[in-house]
Amino acid sequence: MGGETDTDVKFPKRLRYRGKGKVLATIYKRPGQPQPYRLYWRCRVDGKPRSRFSDFPTYSAAKAKGETVVGELAKGAQAARLSPGQATDALAALERLQRYYEATGRRVSLLGAVSEFAEVSAKLPRGRTLHEGIDGFLANVVDVKRMDLGEAMKEFIETRRLKTVPSKEGRRPRISADHHYNTSLWLKEFADTFPGHAVCDLKKEHVALYMKQHGKLGAKTRNERRALVKMFLAWAVERDYLSKAHRLYEASELAMEPGDDDGEIECYTAGDLRAILERASQAPAAPKNGDEPAEDYRHLLPVIALAGLAGLRLKEAMRLSFEDIFKRPDHIEVGKTKSKTRSRRLIPVCPALAAWLEPYRQKTGAIWGKSYDMFHIDFAALRGAVEVEPKHNGLRHSFISAHFAAYNDEGLTAAQAGNSPDMIHHHYKGLLTKAEGEAWFAVTPKRPANVIQLSNKNAI
């Protein structure tokens with residue numbers, strides 16, 4: 001076959017291995033084509049027959065390639081299964097892998113590279129490239145530090161404690177000491193639920209377990225716990241204790257619930273208010289015949305009067321000083337550092353409130369010197385002494401309901417209470433009659449206000 005030329009050949013030219021046996025390739029002539037000689041052969045790829053061909057400008061070139069292909073097919077070589085384009089790609093890929101090895105010292109086979117590419121690409125959303133996946137990974141994944149959950153929680157609690165310190169300018173702390181104490185207990189409880197865990201170990205099932213333990217709490221309280229957990233997780237991401245891509249926020253148990261808005265707001269009656277204020281204004285009588293001394297509730301009266309007859313929130317009242325009450329004629333000044341909304345407001349003092357507060361005109365300093373929890377403990381004891389049933393946030397709810405009933409002006413009531421007219425209209429409309437509202441503000445002391453004797457300037 002070596003001396004054979006184009007003029008000596010009858011096309012199509014069939015090629016056999018060493019001139020014997022089965023035809024393994026065929027050369028066709030296609031006059032008028034730029035590359036008129038086509039080599040055609042068949043092979044099996046993945047157990048299925050596949051056709052392959054390659055075009056050449058001369059018969060000798062086609063014949064030389066044909067002899068190579070026939071030899072490879074006869075010997076079962078894999079190269080014959082590649083089309084020319086595939087062979088070119090394979091060689092280029094091998095060269096690229098060699099450059100990768102020279103640059104990194106990591107040797108990867110062509111099969112290994114293709115296998116890993118196919119496996120990783122299959123995990124990406126349709127239409128996304130491997131480059132996009134890697135860029136997204138690098139943008140969201142940091143070198144997470146493994147930090148014990150309990151230790152991280154202590155650190156987080158300490159950062160919040162620093163926010164309880166008043167600023168040099170005298171501004172109100174960002175977090176009250178009582179709020180920090182209570183929320184710290186919740187945070188410690190969360191950490192204690194998962195001893196031995198690092199922050200980066202947290203999964204959605206951990207969040208679910210924690211929230212399940214508080215299933216009997218009201219929606220508002222559960223939402224407060226959720227918000228606190230979310231604050232901790234955000235802080236942990238900032239400290240690189242938790243990956244930015246942690247996805248814990250997607251846990252259904254962290255979704256906020258609708259509030260316990262069942263429309264039921266409980267109010268004290270004017271008779272309840274009178275019983276509470278009169279008992280709180282009384283100096284305890286000296287014990288007789290070895291009896292236990294009566295409780296002294298006079299320290300409660302300013303806070304009760306301000307909440308019930310001026311509509312202040314309990315914490316707002318507790319932040320006030322006696323100077324705040326008496327420095328403006330007929331008004332109480334709630335500064336922006338003492339208001340819940342951090343906005344200043346002046347509250348008109350009704351005659352009943354003025355009468356109850358008159359004995360305290362010469363006092364100075366803070367109205368309340370104990371903790372928020374201690375107020376509730378002492379107030380519960382006072383209610384028990386006069387047999388008045390507890391009402392949730394009853395003093396403020398009663399004031400707003402009575403004020404709106406007496407004046408029928410949600411804007412006026414909202415301005416004094418420090419909330420919105422929509423809130424007044426939605427929650428407090430129709431709870432009390434006009435007569436009940438007027439009776440509330442007619443609760444005045446039965447005896448002259450100047451009979452209370454103070455043992456010293458700042459004690460009752």
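This is a predicted model: local features need pLDDT of at least 70, side-chain atom pairs count only at pLDDT 80 or more; totals for chains, interfaces and linings use all residues.
The chain contains 18 helices and 6 strands. Of its 460 residues, 33% count as buried. The chain exposes about 27,400 Å², of which carbon and sulfur atoms supply 53%. Among contacts in the chain with a separation of 6 or more, 61% are made by residues 24 or more positions apart.

The largest nonpolar core comprises 50 residues, and those touching the most other members are Leu277, Ile304, Leu306, Leu309, Ile332, Leu353 and Phe375. Helix 10, spanning residues 301–309, provides the largest share of this core, with 7 residues. Once neighbours within four places in sequence are set aside, Phe375 is in contact with Leu300, Val303, Ile304, Leu314, Met318 and Trp368. Another core, of 25 residues, lies apart from the largest one; Phe194, Leu228, Leu242 and Leu254 are among its members.

Thr164 was examined individually. This residue is located in the loop that connects helix 5 (149–161) with helix 6 (177–192). Because its relative accessible area is 18%, which falls under the 20% cut-off, Thr164 is classed as buried. The side chain of Thr164 reaches the backbone oxygen of Arg161 at 2.5 Å.

Notes
Residues are numbered from 1 along each chain as its sequence is written. Side-chain values use heavy atoms; hydrogens and water are left out. Helices (H or I, at least four residues) and strands (E, at least two) are DSSP runs, numbered from the N terminus. Buried means under 20% relative accessible area, exposed over 50%, partly exposed in between (1.4 Å probe, protein chains only). A polar contact is a pair of N or O atoms within 3.5 Å; within protein, one must be able to donate a hydrogen and the other to accept it, and residues adjacent in sequence count only if both atoms are side-chain atoms. A nonpolar core is a set of buried Ala, Val, Leu, Ile, Met, Phe, Trp, Tyr and Cys residues joined through side-chain atoms within 4.5 Å. Contact means heavy atoms within 4.5 Å. Accessible areas come from the Shrake-Rupley method with a 1.4 Å probe; for residues, only the protein chains shown count as cover.
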